[in-house]
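Dear colleague,

I am handing over the structure below, together with some notes on what was found in it. Please read them alongside the sequence.

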Amino acid sequence: MLDRSSTPRRPRAARALIAAAAAAVLAAALLLTAPTPAAAAVSRAELALRWAPIHYQDVDATGSHALSGQSDYISKVDFDGDLNGRNNWDRAGQAGTSLAAHAYYSVVETSTHWYITYFFFHPRDWADHPFFETEHENDGEGALFAIERDGSTYGVLRSAVTVAHSDFYSYTPAGSTWTSGRESVDGTLQFQASPHDTFQHPVTAQEAQGHGLKAYPQYAINGDGLVYYPSTVAETPSSGNDRDVRYQLIDIFAAGGLWAQRSNPSLFASLGTFAGDTSGDCGVGTWSCSTNSANAPWGWDDGNDVPGRGEIASDPAKLSAEYFTVPAGLARSYSYNPYATAAAALAEAARTALPTVD
């Protein structure tokens, strides 16, 4: 017989069920209170794809050098299957070559910002009339986007600087905290939804023939034209008036990529300047054909501003500090910048290279 201080013993099965229930409750409590693991940091490729512009390309199909509009298609540098810069004019539009849409990018980082340079290549910079116009083999124009690292996955885009031949143009999105600095802001960077992802992308545009690049609509499509959308695939336009063409990004710093080829004499005449000659019909029917006249991002230069040749890509924090007033400030030391491996050579090229004529 049990006294008042005794506790009845439960059957073994009941005790097991109670223990299991208690363990389940404890596990649920731990699940609710334990911190969730931090999301993986976005990769540079993902960052470049997210901010890559929707790109309007005007197309001119008139004249023999237009190749029925194909001279205004963007492409890879090795669209013809080789890294010889001196045969690109001749091989543009020939059978066996590919004008599938590609663009190049590089990302450098500081503790406060990501800087993404986008580079659009054409095999020809061309003209269709004889009056005071030059043309040349290869053509390279592009843009720099400054992204503030605000703690969100992709940051917030604060500014753009575009390259139109030997001049830079600066833009800020609506609501940006950045304002004019040593250079005046030239306009508002617009955004547009892409049918191929869920993001609003900045919008850029290139003129036909010479391919200067500005924020849309400072350049725009006039008649025929292409609208390129950033993607993970490369499409070839169906015609010179295709308004939905996906382009694929290529990392400038990829193994064996454009930066790794910077000393290849078949592709580059000097550091940052593509090799190009006067072979084929370049210059025929117009004023002239110039040689070695296109530039990679580390050769871009606006000779009227403070940043040196190529610093739009290799030292974009310096350029941003010059072009804009940044209320929160920006770090000037880089945590990732492969261009810095050639800092001395880039400085020497900036000192001795001929003026940009792209």
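Thr62 has a relative accessible area of 44% and is therefore partly exposed, a class that lies between buried (under 20%) and exposed (over 50%), with a 1.4 Å probe and protein chains only. This is a predicted model, in which local features need pLDDT of at least 70 and side-chain atom pairs count only at pLDDT 80 or more, while totals for chains, interfaces and linings use all residues. Residues are numbered from 1 along each chain as its sequence is written, and side-chain values use heavy atoms, with hydrogens and water left out.

Thr62 sits in the loop between strand E1 (54–58) and helix H3 (88–91), where helices (H or I, at least four residues) and strands (E, at least two) are DSSP runs numbered from the N terminus. Leaving aside residues up to four places away in sequence, Thr62 touches Trp126 and Asp128, contact meaning heavy atoms within 4.5 Å. Its side chain makes polar contacts with the side chains of Asp60, at 2.6 Å, and of Asp128, at 2.9 Å; such a contact is a pair of N or O atoms within 3.5 Å, and within protein one must be able to donate a hydrogen and the other to accept it, with residues adjacent in sequence counting only if both atoms are side-chain atoms.

Elsewhere, Phe131 lies in the loop between strand E3 (113–125) and strand E4 (134–148), and it counts as exposed because its relative accessibility is 58%.

With kind regards
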